[in-house]
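This report describes a predicted model. It starts with a helix pair and then turns to the strands and the chain contact.

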Amino acid sequence: MKYLIAALLCLQFHSISYGQDMMELIKKVKAKLDQVNDYVAEGNMKTDVAFIKAPVGKVKVYYKKPNRFKLKRDGGISILPKGGVTVNMSTLIEGDAFLALAAGDAEVNHVKVKVVKLIPTAQNSDIVLSTLYIDVARLLILKASTTTKENGSFEIEMNYGKYESYGLPDKLNFSFNTKDYKMPKGIALEFDDEEKQTEAEKIRRKKGSVQINYSKYTINQGIAESLFK
Amino acid sequence: MFQLLQIELYKIFRRPRTYISFAAITALIGIIQLGLLRDGTAYVEFMMTNVMQTFSFDGKILNGYLVCYVLLQLLLVHVPLLIALVAADMVSGEANMGTLRLLLTKPFSRTEFLLAKFMASAIYTFLLLVWIAFLALFVSMFMFGTDDMVIQKTNYIVQLPVQDVFWRYTGAFCFAFLAMLTVSALGFFLSLFAENSIGPIVTTMSVIIFFTILSTMSIPLFQKIQPFLFTTHMVNWKEFFDPKVNADNAIIIGSIQKPGRIITSSLVLVAHVVGFVVASIVLFRKKDILS
């Protein structure tokens, strides 16, 4: 009996310490991201949603601590999935109102990563659960899957390059679920026969992605508050 | 021939009825523009409710290009009725006034006489479309500014970059001219069979309304005959606003998804115009002119 109690206590202690390890890891990642107070990034954005025909466009992304984020198309209209693209890594791990739990090891793009589950402790948080895939050696988040209350689930994958030391990605791929789109023929005034959708097409129409390739970051040069209005 | 054309144009533009169309178009476009200027955002939100649940739009969706598209969607179904007012009166109007026999005593062949009348109604149709283009496109651009054009099709949404829109409107208006010319030719053809203007005008309107209803209803029986109705082809100006996409699902600037459909519809409409005009000439040459 004594041994059983001792074994259970060890297990409990191990999980607490493992959870603390994850909090430490998150803190280190956060410290890296905290070097950036603000940035203006330039890049190309491509929206890949089966029922949206949109051009590849130049975008400017503005970020200011703690959670101000604005994406502007360089001339033209930007169509973005609600809620998601404006979430960046800093906002995901902002503050410490979450529990970080270890969820094992995995590989993202042939890089070994630690899987960390973040559970917000604040009751009014829109995020229900985030799973981060962290490259421990470089202290970079390579992938994040998030489930929200209002805006569904989405996944962000990041590739790093020139701005790796700041934890800022060169390429960001944002995948999300979407509702299928349909408009009555009478309103669209289209009289031609509809092409029947295959099952694969129907599934494709329920997924979408936004890809941003950043070409340049201007970091910590200050940004006017008016840009976020 | 040119002299005949001048006389016919003079006659058209001397009649107050001619200006009803211009006045009606001006009033209709003006009212819609004012309405959209005041409550356009609510209109756009209503139209895009479905997609706005998932996506957020940043930019000026309600711009001159979109307003013009909305106006054309509404107008190009109804403008034929205004064109019929003039085209269906071309020969029957003369018969009604008793001037047809007198006109044919002049040293011009019946073919020349008829061609001059048709060309005059074609010029009227052209001017009406130019007026629509001026009000719907240029005035809207002035009132609402320009930006990318976001339009909704049955199965997808299209975003056209601002620099890729104007040439599409040029093509769409050229196509619309062909569509309206078909209506003009139909009205002109029907005007041969009556001694007063009301009959051909009402008949032209009835044919267009009847065919348009058949074209719009997605009933399998009607769908079989839809490709043979000119009203089905008249709305294909919209194809100019449907670009191709590449393997990455990004639109290709300056492309059209189904150019074949525009070509086919244009040929069908040209065939109708030629058919109606030739039929008019053949019938008119054999006709006993008693009025």
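## Helix packing in chain B

B:V183, B:L186, B:G187 and B:L190 in α8(B) meet B:P200, B:T203, B:T204, B:V207 and B:I208 in α9(B). By class, the residues of this contact divide into 6 nonpolar and 3 polar, with no charged residue.

Helix α8 of chain B covers residues 166-190 and helix α9 of chain B covers residues 198-216; the two pack at an angle of about 135°, with their axes 9 Å apart. α8(B) is therefore oblique to α9(B), since an angle has to be over 145 degrees to count as roughly antiparallel. The crossing of α8(B) and α9(B) is right-handed.

## Chain A overall

The secondary structure of chain A comes to 4 helices and 12 strands. Chain A has 229 residues, of which buried residues make up 31%. Among contacts in chain A between residues at least 6 apart in sequence, 55% join residues at least 24 apart.

Strand β6 (residues 98-108) of chain A pairs with strand β7 (residues 111-120) of chain A in the antiparallel sense, over 9 bridges. A:V108 has A:V111 in β7(A) as its bridge partner. The two strands form a hairpin with 2 residues between them, and A:N109 in the turn has a positive phi of about 50°. β7(A) is in turn joined to β8(A) by 5 bridges, and these strands run antiparallel. Here A:K114 stands opposite A:I134 in β8(A). The hairpin of β7(A) and β8(A) has 6 residues between its strands.

Strand β8 (residues 127-135) of chain A also runs antiparallel to strand β9 (residues 140-148) of chain A, with 8 bridges joining them. Within this pair, A:Y133 stands opposite A:K143 in β9(A). β8(A) and β9(A) form a hairpin with 4 residues between them, and A:L139 in the turn has a positive phi of about 55°. β9(A) is joined by 5 bridges to strand β10 (residues 153-160) of chain A, again in an antiparallel arrangement. A:T147 stands opposite A:S153 in β10(A). Between β9(A) and β10(A), which form a hairpin, there are 4 residues; A:G152 in the turn has a positive phi of about 70°.

## Contact between chains A and B

The contact takes 31 residues from chain A and 38 residues from chain B. On the side of chain A that touches chain B, the elements giving two or more residues are β1 (38-49), β2 (52-53), β4 (68-73), β5 (78-81) and α3 (185-188) of chain A. β5(A) supplies the largest share of that side, 4 residues. By class, the side of chain A that touches chain B has 14 nonpolar, 5 polar and 12 charged residues.

Strand pairing also crosses between the chains: 2 bridges join β2(A) to strand β3 (residues 157-160) of chain B, and the two strands run parallel. In this pair, A:K53 stands opposite B:V158 in β3(B).

Note on methods:
Residues numbered from 1 in each chain as written. Chains lettered and ligands numbered in written order. Predicted model: local features only at pLDDT ≥ 70, side-chain atom pairs only at ≥ 80, totals over all residues. Pairing = 2+ DSSP bridges. Buried ≥ 20, exposed ≤ 12 C-beta atoms within 10 Å, placed from the backbone. Contact = placed C-beta atoms within 7 Å. Nonpolar A, V, L, I, M, F, W, Y, C, P; charged D, E, K, R; others polar. Axes fitted to C-alpha atoms, helices over the stretch in contact; angles between N-to-C directions. Parallel < 35°, antiparallel > 145°, perpendicular 65-115°, else oblique. Left-handed = near helix turned anticlockwise from the far one by under 90°.
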